[in-house]
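Subject: Structure for you to look at

Hello,

Here is the structure I said I would pass on. Please open it first, then read the notes below with the model on your screen.

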Amino acid sequence: MAKVPKVFKTEIALSLKDTKNIAKTTLEFHGINHSGPSYEARIFLNNKNANEKTAKTEKNGYAGSFYIFGHGGKCYGGPGHCRIPPKDIADPYDNRRSHPLTPTFRYVTITKQLQKIAKKANKISVTVVPIPRSYNEMADFENLLQFEKLSLIIYDK
Amino acid sequence: MSDQINLRKNINNLTVDELQKFRSAYKKAMRLTDNRGYAYFAGFHGVPTFSCWHGPQTKDGWPGVRLFLPWHRAYLYRFEKALQDLEPGVTIPWWDWRSSGSSQNKIPKAFSDKKAGSEPNILYKFRMGFPEHGLNRDTRRFPGKGFGPFEGLPSPDTIQQILDIPDNHFDEFSDALEDKHGFIHVWTGGQTRQNGRLVSGDMSDIATAAFDPIFWSHHCMIDRLWWIWQKKNGIDEIPDHYRKMSLEPFGVTTDEMLDIYNLGYDYAGTETTVNGNWSRSTNG
């Protein structure tokens, strides 16, 4: 049986004086590894205990999900086929696209949730629960959710 | 501009003859093992070619390029052309996974029925023949089944919110639609337990998705939604630097994929056109 995927937890400081001035707020996940199995990432705000059994309700702090349509976690090529180059070279004469496994990006809009939270607190906790949506025996399910950076973006009106 | 415009229709609205023609095209393509065949085209997406475009990528020195929509439009166009070589005039119908019918029945009967009349339904599965990659079996799907409860298929309102993303926000529109597309993939593939082992459906992974015959109709729906957004916001509403980018391995540019009338197809809708009382050909 596959291991339970690790849940990601963090806190982000808020420095908002006027929540009425918020036009839109997004949580942006940069550098997502999508070489593994497909999965759903459920985002819960101010619920550090959220797990795969937590219902996706407003009461539980559920703010939305993103879906990763993954490559499966099994390399179908020869040695090195799935090795991601450390960085893309910005060469205008090299018209090849970047490696198909180049880390990807997703965002979830949390405008209403943040407006509510920011009135009472100066920080926000973010819990990301990965739910596997495909399976193969060779995949690393424990580390299903991997990304390089998480940004909270607040757009002013 | 193409001389003839072929209409792509909702799979549930195909006439008996149209569905038969669609099945016939797939059947002929699935029998071919050369570069006109089903496996050849399915192989561009995942195994063995892995040419598909998802998410932001770097291209021609530009970071964060979203060619998910134009790449898949070119992909469907080429596949549809290959089908038309085998069955003239046939088009790929879309699967409207927003409809209440989809929520209730999960997958349109045209794809979920194991038999079509007295014969096996060609749209139900396809034999993947890649023993060197451990893929030598029929495609499978377990729609809506998973480790945890799956949420329902997206409501029309949810999709409308994406269609309401304003012009000059192509990247945002593309990302939002791609995310829903990913959900439909994993929902359609699903997971189950067989003989004590967990198995997942082939639509759930990039490597195998295009071998499932429903893949093309799912992407037809995605392409249709992009076209609806284009008609509202401008057919060439896309970042300028994307337009000259090539869509490998199809040998076309993004620019060439923007106007579907140039590609010779349109989506059936509510527009009704009737003949007038004059034709230029009769004008002496």
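A:Glu40 counts as buried, with a relative accessibility of 0%. Please keep in mind that this is a predicted model.

Which residue does A:Glu40 form a salt bridge with? The partner is A:Lys56, and the closest N and O atoms of the two are 2.8 Å apart. This pair links distant parts of the chain, 16 residues apart: A:Glu40 sits in strand S3 (residues 39-45) of chain A, while A:Lys56 is in the loop between S3 and strand S4 (62-68) of chain A. A:Lys56 counts as partly exposed, because its relative accessibility is 26% and buried means under 20%.

In one of them, B:Asp60 pairs with B:Lys59, and the closest N and O atoms are 3.8 Å apart.

B:Asp171 is partly exposed, with a relative accessible area of 24%. B:Arg66, at 11% relative accessibility, counts as buried.

Back in chain A, salt bridges that share partners join A:Glu40, A:Arg42, A:Lys56 and A:Arg133 into one network. Over all chains, the structure holds 29 salt bridges.

Some notes on chain B as a whole follow. Its secondary structure comes to 8 helices and 12 strands. The radius of gyration of chain B is 19 Å, close to the 19 Å that the globule rule gives for 284 residues, so chain B is as compact as a globular protein of that length. Its C-alpha trace spans about 75 × 50 × 40 Å along the principal axes.

Of the 284 residues in chain B, 54% count as buried. Among its contacts with a separation of 6 or more, 72% come from residues 24 or more positions apart. Chain B exposes about 12,700 Å², and carbon and sulfur atoms supply 47% of that area. As for charge, chain B has 33 positive and 35 negative side chains, and the centres of the two sets lie 9 Å apart.

Regards

How values were computed
Residues are numbered from 1 along each chain as its sequence is written. Chains are lettered from A and ligands numbered from 1 in the order in which they are written. This is a predicted model: local features need pLDDT of at least 70, side-chain atom pairs count only at pLDDT 80 or more; totals for chains, interfaces and linings use all residues. Side-chain values use heavy atoms; hydrogens and water are left out. Helices (H or I, at least four residues) and strands (E, at least two) are DSSP runs, numbered from the N terminus. The radius of gyration is taken over C-alpha atoms; the globule rule is 2.2 Å times the number of residues to the power 0.38. Buried means under 20% relative accessible area, exposed over 50%, partly exposed in between (1.4 Å probe, protein chains only). Contact means heavy atoms within 4.5 Å. Accessible areas come from the Shrake-Rupley method with a 1.4 Å probe; for residues, only the protein chains shown count as cover. Lys and Arg count as positive and Asp and Glu as negative; His and the chain ends are not counted. The place of a charge is taken as NZ of Lys, CZ of Arg, CG of Asp or CD of Glu. A salt bridge is a side-chain nitrogen of Lys or Arg within 4 Å of a carboxyl oxygen of Asp or Glu.
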